[in-house]
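Let's walk through this chain together, from its overall build down to a few local details. Keep the model open as you read.

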Amino acid sequence: MDFDQLAAAIRQRTSDLQEQIAGRKSVIFDRRHWTGRVLTAAMEDDAFRVRLFRFIDVLPSLPNEAAIAAQLEEYFAWPGTELPAVFYEDLEGESAEILTGKTLAPLIKKRIEQLAAQFIVGRDLAQALPVLDDLRERGLTFSLDLLGEATLSENEAHAFRSSYLELLNALHAQQTHWRTLGPDKGTELDWGCAPKINISVKPSSLYSQISPVDFNGSVAKVADRLRPIYARAREIGAFVCIDMEQRQYKNISIAVYKQLKREAAFRGYPHLGLVLQSYLPETATDLDDLLHFATSENIPISVRLAKGAYWDYEIVNAALHNRPPPVFTAKEETDAAFERLAATILRHHRHCHLACATHNIRSIAAVLETARHLGVPEERYEFQVLYGMGEPIREALLTTTGRVRLYGPCGELLPGMAYLVRRLLENTASTSFLRASFAETNRDQTAAGTKRPAAPPGNSKPVSAEKRQEDRGFGNEPALDFTLAATRRLFAAAVAAGEKRTPAAHPLYIGGREYPGAGLLASTDPAEPERIIGLVGQASPSDLTRALDTARAAYPAWRDLDYRRRTAFLQAAAVIMRRERYDLAALQVLECGKQWSEAAGDVDEAIDFFEYYAWQMQRWGAGQSLPSPAGEENIARWQGRGVAAVIAPWNFPMAISCGMTAAALAAGNTVLYKPSNRSPVCGARLAAIFRQTGLPDGVFNFVPFSGAAGGDFLISHPDLDLIAFTGSLEVGAAINRQAAALSPGQRQIKKVITEMGGKNAIIVDADADLDAAVSAVVAAAFGYQGQKCSACSRVIVLAPVYAKFVSRLIDATASLKIGPAARPENTLGPVIDGEARDQIRAAIEAGKKEATLLFAAELPPDLAAGNYVAPVIFGDVAPHHRLAREEIFGPVLGVFRATSFTEALALANDSPYALTGGVFSRRPSHLELATQRFLVGNLYLNRTITGAKVGRQPFGGFKLSGIGFQAGGPDYLLQFMTASTISENTLRRGFAPLDQATGAKIRL
């Protein structure tokens, strides 16, 4: 191939196509219509664009015109302003009355439904089939997709599978009326190669528990659900395309595709396709793998090559997990990758059919000319565009090639909102080719969409996590990426090694020496109580006395050590923890029954605490200058309080242990660390990490012990200065009482830092996104078996959506899998031990006498005798019920009904706890009201209420939840220090040191 000639041909073809569409209008950008005017307004005003798309998102859930009017005025007309003129400027006989939301509501609803209809083939098959008939009469064909992207339960997944089978049957009956497109080649196939029926299927719609963590299980389930759809397609001669969604499902989709293509029943049938997205740099590797698969096994494949529709989501999701963006961040890079990938497919046209899915004229021209130069037969590639977009491009393609397929969704407006908003985002983005071609008047902007895309520069890789941390001062630890086979393999290997490991004995560690203690505590696997994870020494009163004496002796030197040298030990611990992160997470899976992702997140948070408090000490370690007039110097300084006892919980055995210990050490305290008796081996591993850092002897002391007597002895000892505790209200209150009493010889008032749980509520408003609300409540209520202090135990639902929410909540909960956490397919594992199991079951039995049992999952028979509690949901819960007031710490959820948002807030606040809370609402005034009146330490709006990130969401509550200071926040370290103010008189015999030029004081 002569590349210069090819480049010239592409430029010429681009110019020719540009001339064909010149001066033609795309309906959605035609300012003669309301759609064109409102989208133009959105492109010219980013704030209006955001409000418009959010209003469009909420519109289908609004029950009547009054609700629509209220939302219209909230989004677009707050006090002192008017509704945007674009909403009504084309109306005749305007009056003051017509400018109100109440008057405009039905009109706006109708117009947005018309806007949606531009992109959606039909609300149902009855509406869609005539549209498809019309398209085919005009020489166009289709790929039909059923709307609905959030499958929350297995019932919904089965319904989707049935809907796709019904769709195929309906299209099969309808195709008898369709003429064959293209020249007559003696076949009923369009263009001599393509089935008349073509559907697109999203894998996530077929399996509600799809997850990259359970990769093999997800592949098997999706393949099982897709197999009858594909079999029916084969019977009627239809084409099925596996759609590509978010990156987290990409490798699952590819594996499903390869599995079905290999199966004997389908091996010779070519009409199963797969979407690849050029905005993912890794797609080049994926394509090479697919082409190797096709050529080595002599299996024909088909690829729909698209740019990718989830760019914004992928960027934001990566930022939330502190990972580099998985997509190209410049549009030119995506366009260049598209051309390279298309050329690769065309070179392998004997084994791979190409569907070129783009509106970009330059990309289309590149495919046309590359195919011509390579001599690719026309039946080996086609062109696809989106229904309702870029009509001039569609017509130019039809004239030029005769092979155009429209990708169009079918379904109700409500599930179609996500699709519609993505289409509007694409159309109105500054980088949109369609916007440049049909909306912009500037010729340079139009031309920009057709120029040759630049090749990715050599330094186009995302900025590393280390570089971001250097720039910002602190960055959260990037989460493990379970979409990667290597991550899953390493994690599985660590769990397997832990299951086979011979239990080891872990001694006490005091003053740099090991001590056996007064006996050993056996820690067991809650999923298999007969399996011993490890044996941990138990401190006696004499061991605790030795530790207190050692820590007291080590305190002055540690306190006076430069804070930068102190925090260097924490940073060294973070390095060790990163190196051992798989083993540390696997240990939590086995000792605490944590699911893979939960355990990995716990280790990440522990690393964050090390790094964050080391970084925060830069703020406090050197002291701070205070206002000082000439002749005086005032400085604030902070130092450690003394000897600290860190008493840690079992549910976050690394994260909370590291958080409290790292804060105490960074602030200049020496530490006696007591892990929970339910996770002592995790505590021993943390002690081993501190030992590896080379901390001075006596600064960190590992003193696990059992029984209240040891706690009473430690808390009341006069040499203890500070207690950092996370656990139950009962124990926390007892610690506060004991610490308040002065002991003989005590030299300062003990400081108690406590976090003591919650009875957390999520409010679901009448206009909430139920897809998001249901999934968030399930995650918050039943994640890690509800054994989080931040877990949702109360959900307060507004009456208009109560029945629908509860129905979907029950279905989603029933779809969760229960079993050992070591197996990645299980979303719920055992509770921590038999005592916890019995307490939770007792609370459930009491709840049955108070409230209405809405749902109780059944345990598999082989788990009934273990430490398992299946999820339970109660309804008709009253504020005075135990279910409403007491922390159960298990998978038990109470559902409340509220008649108004203010009543919902009152119910949420009617609790002795104030830790976390959440609101799902798309009404701005309700979100604002919640920020003012929802009394919790951590309030989450339109997201789940668990999973706080260090530095981003400082965590902690008040009332009976804690002391009101938040871990992982900028002021947390102050709780571990005492403050001093140093005031120096700098006046000497009438002379104060000042800079003669500036008048500033000179420090001596």
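**A guided walk through the chain**

Asn 942 lies in the loop between β28 (938-941) and β29 (958-959); helices (H or I, at least four residues) and strands (E, at least two) are DSSP runs, numbered from the N terminus. Asn 942 has a positive phi of about 60° although it is not a glycine. Most residues other than glycine have a negative phi. The side of Asn 942 that solvent can reach gives a relative accessible area of 35%, so this residue is partly exposed (buried means under 20% relative accessible area, exposed over 50%, partly exposed in between, with a 1.4 Å probe and protein chains only).

A word on the model: it is predicted, so local features need pLDDT of at least 70 and side-chain atom pairs count only at pLDDT 80 or more, while totals for chains, interfaces and linings use all residues. Residues are numbered from 1 along each chain as its sequence is written, and side-chain values use heavy atoms, with hydrogens and water left out.

Tyr 784 also has a positive phi, of about 50°, and is not a glycine. Look for Tyr 784 in the loop between α28 (770-782) and β22 (792-798). Is Tyr 784 buried or exposed? Tyr 784 is buried, with a relative accessible area of 0%.

Now step back to the whole chain. It has 33 helices and 30 strands, and its C-alpha trace spans about 100 × 80 × 65 Å along the principal axes. With 1004 residues, a compact globule would have a radius of gyration near 30 Å, and the 32 Å of this chain agrees (the radius is taken over C-alpha atoms, and the globule rule is 2.2 Å times the number of residues to the power 0.38). Of the 1004 residues, 58% count as buried.

For a local pairing, turn to β12 (residues 520-525) and β13 (residues 528-537), which run antiparallel and are joined by six bridges (two strands pair if DSSP finds at least two bridges between them). A hairpin of two residues connects β12 to β13, and Asp 525 stands opposite Glu 528 in β13.Finally, residues 24 or more positions apart account for 75% of the chain's contacts with a separation of 6 or more, where contact means heavy atoms within 4.5 Å.
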